[in-house]
Amino acid sequence: MSLHVLAHPLAQHVLTHLRDKTTKPVLFRTLSYQISLLLALEATRDLATTDKEIETPLEKVTAKVLAKPLVVVPILRAGLGMLQPFHDVFPDVSVGYVGLERDHETAIARSYYCKLPPLAGARVLVVDPMLATGGSAAQAITLVKAQGATEIGFVCIVAAPEGVATLQKAHPDIPIHTGALDRQLNARKYILPGLGDFGDRLYGT
Ligand code: PRP
Ligand code: URA
């Protein structure tokens, strides 16, 4: 499994403001959009293309179009903060939803919702801003595999080394794209330095 850390200076700038505890939800949502757009482009860099004959105003030409459907699967609820740029860049994208919530005491994720479109033959990107213990991401990827997905990637904004190791062990075939690889988890399984509870900061809860 490969780990790709976004190297763009704009990503680092945006991350700094996402991490800042004084950033309010309205700006937090805009920053989430911006970094997710950069991640969306990076995670789809290797999408297959196919030839298409078209006519420009001047002549016929054989040009390229995307060859496979793209499906994005945000993990509810924080993953919704990463969805819009995928809609904006890939107008034909389909969306599936996986609802997972970590228990506040054990940090083990409980599944409460799953609605997925047909996934066989599609590129599937599971998106969730925080890869902490890796439990949520591993569960979500198990669900999309069970639905027939074979070409899968995982996209997050901040990853902890512990989450990367868990996901690599559970699903060694899945590439991970992240905006940052942070230091470690704390005793409550939050990422350090991290940015706190992403869902709470996104929705002001
Ligand atoms: C957060 C985050 C991930 C999960 C990561 O969600 O959005 O889904 O924690 O932690 P893990 O890698 O240890 O599983 P949370 O459970 O807080 O739910 P929310 O998105 O509804 O806020
Ligand atoms: N979920 C979050 O929102 N933040 C963390 O640091 C860990 C899990």
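Two strands count as paired if DSSP finds at least two bridges between them, and strands themselves are DSSP runs (E, at least two residues; helices are H or I, at least four), numbered from the N terminus. In this predicted model, six bridges join S6 to strand S7 (residues 109-115), and the two run antiparallel.

The model is predicted, and local features need pLDDT of at least 70, side-chain atom pairs count only at pLDDT 80 or more, and totals for chains, interfaces and linings use all residues. Residues are numbered from 1 along each chain as its sequence is written, chains are lettered from A and ligands numbered from 1 in the order in which they are written, and side-chain values use heavy atoms, with hydrogens and water left out.

**Strand S6 and its partners**

S6 and S7 form a hairpin with six residues between them, and Ala107 in the turn has a positive phi of about 65°. Strand S4 (residues 70-76) is joined to S6 by two bridges, in parallel. Val98 of S6 is the bridge partner of Ile75, and Val98 also stands opposite Cys114 in S7.

**Ligand 1**

S6 also gives three residues, the largest share, to the shell around ligand 1. This ligand is surrounded by 15 residues (a heavy atom within 4 Å), the closest being Arg102, Asp128, Thr133, Gly134 and Ser136. By class, the shell holds six nonpolar, five polar and four charged residues, where Ala, Val, Leu, Ile, Met, Phe, Trp, Tyr, Cys and Pro count as nonpolar, Asp, Glu, Lys and Arg as charged, and the others, Gly among them, as polar.

**Ligand 2**

Arg102 is also among the residues around ligand 2, together with Met130, Ala132, Lys189, Tyr190, Ile191, Gly196, Asp197 and Phe198. Five of the shell residues are nonpolar, one is polar and three are charged.

**Polar contacts**

The table lists contacts of both ligands (pairs of N or O atoms within 3.5 Å).

| Ligand atom | Protein atom | Distance |
|---|---|---|
| Ligand 1, oxygen | Ala78, backbone N or O | 3.0 Å |
| Ligand 1, oxygen | Gly134, polar backbone atom | 2.8 Å |
| Ligand 1, oxygen | Ser136, side-chain N or O | 2.5 Å |
| Ligand 2, oxygen | Ile191, backbone N or O | 2.8 Å |
| Ligand 2, nitrogen | Gly196, backbone N or O | 2.8 Å |
| Ligand 2, oxygen | Phe198, backbone N or O | 2.8 Å |

Taken alone, ligand 2 exposes 230 Å² (Shrake-Rupley method, 1.4 Å probe), of which the protein buries 89%.

Key:
Polar contact = N/O pair within 3.5 Å; in protein donor to acceptor, adjacent residues only side chain to side chain.
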